[in-house]
Amino acid sequence: MNIKWKWQPFAPKVRANAQAVINELTGAALEIIFSAGVKVGKTVKLGEVFATHPGHHNYEMDHFVHSHVIVNEMEYDEDKNYWRFEILADTEQKNVISIEFIPCCERKILVKLTAANKSDETATWFPTFMASANAQCEKVEISDKELVADANRMAFSFDSEWNNTPPLTQNTRLTGILLKWGANHFPERQYINFSRKWIIAPGEVKTAWAMIGDIEENEVPVELAASSSKSPALSGIQDNDKLGGMINHLANQLKFNRTYPPGVKYFGKPEAIFTPAASWDEEYLWDAGFVAAGLSVFAPEKAQNCIEQFIPFSKTTVYPNFHGSLSLVQVSAAWNLYQTTGDKEQLNALYPGLHEIFIYASGQKTWAFGENLDESNDGLISPKGGGSGLDDAPSQVWTRGYGVDWARQNHYWDKPFEVNPTGKLIRTASVNMTAFALLSAKLLQQICAVLKINTPDMYQNFIDKSEASLQKISWNKDSRHFHWTVKGSGEQCPYYDLSGITPLFSASYNSPEQKESLIDNLLNIYLTQYGLTTVDQKADFYRKGYWCGAVWLPFHWLFWKTLLGLGRLEDAEKVAILVVENYGRNYEKLPVCYEKFDLESGQGCGDFSFSGLAAIVLNLWAGYRKPGTVSCGFFLTPEKIKVSDDLLNASLQLTCSEKTDLTALLIVLKANELYKITSNGQVQELQSDEFGCLRFTVPVHKNSKVRVSIECLK
């Protein structure tokens, strides 16, 4: 009896791929890899069998682009079970191969290759298909042209002549066909392989077809050529939006960036797990929180799946077996999802796990792997490893005691950096992890109110304890920052950075003056022409490194929503638009999904298939350009939001729990129309911009109701 195969593009550690899952209980799968090198004139670009990181810095990235093709994940429609990759031979996109994977039945997949040459020189491509069985397959037999795993057969058929050799291993030299293995290979595997030489003349477009799977003898792939079904563009991207291609790419990248089966121990049935970038096979807690926030824009059901990865009581959970920082973003992502969809059933399903993981993240229970984040019980969160996600930010490095040798070995800093006097790891309280825990406590209170369930006292108890400690131990009136502090002694780290103003987004300031100090620091120290920097450029501890000297994206979303909540419309827009527009400028030059941006040049760098911490670009963009989107601060609870299908009318009912007398709202309706806005008895007329965005403020006080009626005066 034939076993049904499940097709998906989630093979770990590779880029252009297809995966046929043959046993959903164990995660056993047959994996297909596509790669291609190219020669154009005298220029040779290597392809990759396994993905390698382009580099964290400009010089590493430039070297990679000079020597390698660029692989892009472009489209993934799970409903149609269709996905498409592109391989670029050059940054100008003059020579491109498009690879479309089209499952045509349960045990076969059709692959369409389209090569286009817009240059003045002949392009000679060397495309290669490889296939193997993953480690979950038990009985594997492989020959030159056929793979059999657990009684499941996979073979290849082409519409033109392809060559193959005996099965490849990690010891095989592949550079003869313009390929390289890359750093992350599977040494125990063998691979069927087929390759060819494909010459594309200037101005020429050629197509080739392959069929892979349990195919019949002499079965020809062109017979199913009509099966190609390219997906339509994402709904909500307007025709006049020059950022549309970038947004479409990033939104699809989020859906591609999953691995199967998970690279660490999981509970229950294996599920495809969201990861920060393509080819990664590890789960990261705080990256996944921002991925969930980004997914809420175009794929809210996937946002729920992503949140469920890291909370208990979920069928897809890998909790608590994950990597990276213990910064808890999942509650913020879940609340943002509710603000977007208004789906109480979804929120109710997530709440028990969110509550449980908060207990750990706030130090009220020890993690399963033996770490308690608040052993001193002062409400200041302190990871044993000193990691808060900001890697080489001064506060974190001072805590860890990493010295100059480490910095030089990793190319992280351009000059020496002083660390704590012991030169070793010491236990300190992280300001940003404390702020995440505080924000989570306050949002959990709001979730309880929405669900009309009892609000546990532990939320307010933690808030009171933690905010008192922040003021007493962490606040530095001279720097006007909250500083990391040594647990036990309360000694403050001598350095400050962006983490020192994160209590702004948890509303943990104790006076209007302190609030204004934090906002002033945000806008006048950290906001640059390219977005938010991690370290004050004028400080003597500024370094050009990884987080130091770079613009990373996650905090833009947190501070953007914070400034909206405080009624700071213009400031919120600066925080959002500067980084989105810089992303767009880089995307025009090289269309990849960037990890971060160099602070001094604005150049995109890092991983080229990154979603992780960069996913929130979608939220910032949607707030100003996606029709029907309503954006507000964290401490506004939507009770009823209705936007007419023709985008000419809207009504909003919300409850405010902000510590402010003014809050801001954004809504995207019809472009270039005059609207009458009535809010709590006040009337104003506003013209929507070229994308339909209306920006306005509403007077509020804590626990007040906000009622807004919007009517087009057309």
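**A colleague's note on the predicted model**

1. Let me start at a proline: Pro261 sits in the loop that runs between strand 19 (258-259) and strand 20 (273-274).

2. Gln93, in the loop between strand 7 (82-88) and strand 8 (95-105), has phi near 60°, a positive value in a residue other than glycine. Its relative accessibility is 31%, so Gln93 counts as partly exposed. Asn377 also has a positive phi, of about 60°, although it is not a glycine; you will find Asn377 in the loop between helix 6 (344-361) and helix 7 (394-400). As background, most residues other than glycine have a negative phi, and most peptide bonds are trans.

3. Now for the overall fold. The protein contains 14 helices and 37 strands. Its radius of gyration is 26 Å, close to the 27 Å that the globule rule gives for 714 residues, so the protein is as compact as a globular protein of that length. The C-alpha trace spans about 75 × 70 × 55 Å along the principal axes.

4. How much of the protein is buried? Of its 714 residues, 63% count as buried. Among contacts between residues at least 6 apart in sequence, 67% join residues at least 24 apart. The accessible surface comes to about 26,700 Å², and carbon and sulfur atoms account for 47% of that surface. As for charge, the mean positions of the 68 positive and 82 negative charges are 1 Å apart.

5. In soluble globular proteins, nonpolar side chains tend to be buried together.

6. Which residues does Trp560 touch, leaving aside those up to four places away in sequence? Among them are Ala572, Val575, Ala576, Leu620, Tyr624 and Leu666, along with Asn619 and Ser631.

7. Finally, a serine to inspect. Ser332 belongs to helix 5 (residues 330-341). Its relative accessible area is 0%, so Ser332 counts as buried. Not counting residues up to four places away in sequence, Ser332 touches Leu439, Leu443, Trp557 and Phe634.

Methods: Residues numbered from 1 in each chain as written. Predicted model: local features only at pLDDT ≥ 70, side-chain atom pairs only at ≥ 80, totals over all residues. Heavy atoms only, no water. Helix = DSSP H or I, 4+ residues; strand = E, 2+ residues; numbered from the N terminus. Rg over C-alpha atoms; globule rule 2.2 N^0.38 Å. Buried < 20%, exposed > 50% of the residue type's maximum accessible area, 1.4 Å probe, protein only. Contact = heavy atoms within 4.5 Å. Areas by Shrake-Rupley, 256 points an atom, 1.4 Å probe, with all protein chains shown as cover. Lys, Arg positive; Asp, Glu negative; His and termini not counted. Charge placed at Lys NZ, Arg CZ, Asp CG, Glu CD.
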